[in-house]
Amino acid sequence: MASDEMIKVVGYRFCVPYTMELLVKKKIQSFSNSHYDVFDTTGNILLQVNGGIWNLQKKRVMKDPAGLPVVTLREKEWQMHEGESRHCLCSVKRSGGFNIKSNLDVHLASPYKDAACDFRVTGSLASLSIKVRRGNSIIAEVTHSYTWGSYKGKECFKIKVYPEVDYAFIVALLVISHENDNA
């Protein structure tokens, strides 16, 4: 990442001064529910995401290890809300035009915004990787590890989050990207 500016969307506590490697394990629990566990390289659980695209509320809740809500993802043009509140942090939608890859545009919530997106998610998990960009800088990379378990509803992702980037925000974008690829 070229810039030293901190990128905080969800919270300062999710920004660290070093490159962070994360392992995300997804398990489908039922037709309408799946679960994501996010671990650091030493195996400590950092975040959990519950919910499913096919449930009636069409939302996912990300929680910290203590079980406290960090962010709620709602599928109505995908919006990211602080905790379980209605305070919108950003919206995520597919980029315009016909694309083989499902690129996503991320717009931070602000009354002083222009039409340009703040972040862009490029690639797709079907192609085994995505990149999160702010302008021309890559701020995070995700690779999808296909294994025999992938066909049984268990999937694994590796995330590389660059220094001073909000890793909870990046995990939320992974979940949204994965849901869009599987919709």
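This is a predicted model: local features need pLDDT of at least 70, side-chain atom pairs count only at pLDDT 80 or more; totals for chains, interfaces and linings use all residues.
**Group meeting: the core and the pairs around it**

Hi everyone, let's begin in the middle of the protein. The largest nonpolar core has 45 residues, and those touching the most other members are Leu 22, Leu 47, Met 62, Met 80, Ile 159, Phe 169 and Ile 170. By nonpolar core I mean a set of buried Ala, Val, Leu, Ile, Met, Phe, Trp, Tyr and Cys residues joined through side-chain atoms within 4.5 Å. Buried is under 20% relative accessible area, exposed is over 50%, and partly exposed is in between, with a 1.4 Å probe and protein chains only. Helix H1, residues 167-182, gives the most to this core, with ten residues.

Residues are numbered from 1 along each chain as its sequence is written, and side-chain values use heavy atoms, with hydrogens and water left out.

Now the overall layout. Helices (H or I, at least four residues) and strands (E, at least two) are DSSP runs, numbered from the N terminus. Of the 183 residues, 48% are buried.

What does Leu 47 contact beyond its neighbours within four places in sequence? Its partners include Phe 14, Met 62, Asp 64 and Tyr 167, where contact means heavy atoms within 4.5 Å. Please keep those names in mind, as some of them come back.

On to the aromatic rings. The structure holds two aromatic pairs. One of them joins Phe 14 and Tyr 167, edge-to-face, at 5.4 Å centre to centre and 90° between the planes. Phe 14 sits in the segment before strand S1 (20-30) and Tyr 167 in helix H1, so this pair links parts of the chain 153 residues apart. For the cut-offs, rings of Phe, Tyr and Trp (its six-membered ring) pair if their centres lie within 6.5 Å; planes under 30 degrees apart count as stacked, over 60 as edge-to-face and the rest as tilted. Both partners are buried: Phe 14 has 4% relative accessibility, and Tyr 167 has 7%.

Two lysines also meet rings. The charged end of Lys 8 sits over the ring of Tyr 12, 5.2 Å from its centre, and that of Lys 25 sits over the ring of Phe 39, at 5.7 Å. The test here is NZ of Lys or CZ of Arg within 6 Å of the ring centre and within 35 degrees of the ring normal.

Last topic: salt bridges. There are five in the structure, each a side-chain nitrogen of Lys or Arg within 4 Å of a carboxyl oxygen of Asp or Glu. Arg 134 pairs with Glu 5, the closest N and O atoms being 3.7 Å apart. Arg 134 lies in strand S10 (residues 129-134) and Glu 5 in the segment before S1, so this bridge ties together parts 129 residues apart in sequence.

Asp 64, one of the contacts of Leu 47, bridges to Arg 13 with closest N and O atoms 3.4 Å apart. Asp 64 is buried at 9%, whereas Arg 13 is exposed at 53%.

Finally, Asp 105 and Arg 120 come to 2.6 Å between closest N and O atoms, and they lie in strands S8 and S9. Asp 105 is buried at 11%, while Arg 120 is partly exposed at 33%.
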